[in-house]
Amino acid sequence: MVKFKLYFDKDKETKWLNEMANKGWAMTGFFAGFYTFEPCEQGEYTYQIDFGNRFFSVTDDYRDFMADAGIEIVQTWGFWVILRKRTAKGDFELYTDVESQIEHYRKIQIMFKVVTVIELICFFTELFAAVQSQSHIFYGCAFFILAFVVAFMSITFRTGDIIHELKERQTGIEEPRNRNISVFLPIGLLCNSVALLIQDSVSEYIKLPIQVIAIIFMLIGIYKTAQKRKNNL
């Protein structure tokens, strides 16, 4: 069986893979959003996703360490490493102490920050090309990239929240959050900036939906920001 899904949140992806295993489907491969499954006993495997230090590969030491622990490397994709272990062999957790969890999520956050910057550069490059050429293809590519920018910004903020919560658990002290602004607010401002940039070069059919989306995101952002600040008082 093959299923298509796009996950940017490795925790949600891990949860889904384990839900599939509990239904009797073991994930055996992955390529560009396409997951391959084969039948298995319900709950036969437990899946975890690690963040490696190599692109599309792992070191021999890493592979040997996992093999000694009874853990199978199912797939590597980018820096992600999808692992599984037979449930009958015991619990399967990659990072059991808070310090290692914090370090794990910090590496993930850095990666998403870098990718977000790269995607933003690509977006504005495509947008400039679209404005210059008046090509609907370039506009389509630009807004396709913008969707990824929004997703990467969201997961970057969420990873920061996870790190913050882990630090509080580590110290036992509730720390003030560095971020009280909802991720929806900068996303809305970005969409509004795009609408202003292209207002003289596109039709109302393109500009108006972008402005509506920008307003919706900003209103959601203002509301969620107010809720965050209220909760932190």
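The expected span of a helix is 1.5 Å times one less than its number of residues. Helices (H or I, at least four residues) and strands (E, at least two) are DSSP runs, numbered from the N terminus. Helix α3 covers residues 98-133, 36 residues in all. At 1.5 Å a residue, α3 should span 52 Å, and its end C-alpha atoms are 52 Å apart, which agrees. The residue that follows α3 is Gln-134, with a positive phi near 55°. Helix α4 also has 36 residues. From its first C-alpha to its last, α4 reaches 53 Å, close to the 52 Å expected at 1.5 Å a residue. Gly-172 follows α4, and its phi is positive, near 75°.

The model is predicted: local features need pLDDT of at least 70, side-chain atom pairs count only at pLDDT 80 or more, and totals for chains, interfaces and linings use all residues. Residues are numbered from 1 along each chain as its sequence is written, and side-chain values use heavy atoms, with hydrogens and water left out.

The protein chain holds six helices and six strands. Read from the N terminus, the order of elements is β-α-β-β-β-α-β-β-α-α-α-α. Of the 233 residues in the chain, 39% are buried. Here buried means under 20% relative accessible area, exposed means over 50%, and partly exposed lies in between (1.4 Å probe, protein chains only).

Strand β6 spans residues 80-86. Six of its seven residues are buried, so the strand is mostly covered. Two strands pair if DSSP finds at least two bridges between them. β6 pairs with β4 (residues 45-51) in the antiparallel sense, over seven bridges. In this pairing, Thr-46 stands opposite Lys-85 of β6. β6 also pairs with β5 (residues 71-77), again in the antiparallel sense, over six bridges. Glu-72 has Arg-84 of β6 as its bridge partner. β5 and β6 form a hairpin with two residues between them. In the turn, Gly-78 has a positive phi of about 65°. In a regular strand, side chains alternate between the two faces of the sheet.

The structure holds five salt bridges. A salt bridge is a side-chain nitrogen of Lys or Arg within 4 Å of a carboxyl oxygen of Asp or Glu. Side chains of opposite charge can pair when their charged atoms come close. One of the salt bridges joins Glu-44 and Arg-86, at 2.3 Å from N to O. This pair links distant parts of the chain, 42 residues apart: Glu-44 is in the loop between β3 (34-39) and β4, and Arg-86 is in strand β6. Arg-86 counts as partly exposed because its relative accessibility is 38%.

Asp-11 takes part in a salt bridge with Lys-10, whose closest N and O atoms are 3.5 Å apart. Lys-10 is buried, at 10% relative accessibility. Asp-11 also meets Arg-158 in a salt bridge, at 3.9 Å from N to O. Asp-11 lies in helix α1 and Arg-158 in helix α4 (residues 136-171), so the pair ties together parts that are 147 residues apart in sequence. Salt bridges that share partners join Asp-9, Lys-10, Asp-11 and Arg-158 into one network. Asp-11 is partly exposed at 24% relative accessibility. Arg-158 is partly exposed at 32%.

Asp-9 lies in the loop between β1 and α1. With 7% relative accessibility, Asp-9 counts as buried. Its side chain reaches the backbone nitrogen of Asp-11 at 2.9 Å.

The loop between β1 (2-4) and α1 (10-22) also holds Leu-6. Leu-6 is exposed because its relative accessible area is 52%. Together, Val-2, Phe-4, Leu-6 and Phe-34 make a nonpolar surface patch of about 420 Å². Patches are made of residues with over 30% relative accessible area and no salt bridge; like charges are joined within 9 Å, and nonpolar side chains (Val, Leu, Ile, Met, Phe, Trp, Tyr) within 5 Å. Accessible areas come from the Shrake-Rupley method with a 1.4 Å probe; for residues, only the protein chains shown count as cover.

Ala-32 lies in the loop between β2 (25-31) and β3, and is partly exposed at 38% relative accessibility. Phe-56 lies in the loop between β4 and α2 (60-68). Phe-56 is partly exposed, with a relative accessible area of 37%.

Terms used: A polar contact is a pair of N or O atoms within 3.5 Å; within protein, one must be able to donate a hydrogen and the other to accept it, and residues adjacent in sequence count only if both atoms are side-chain atoms.
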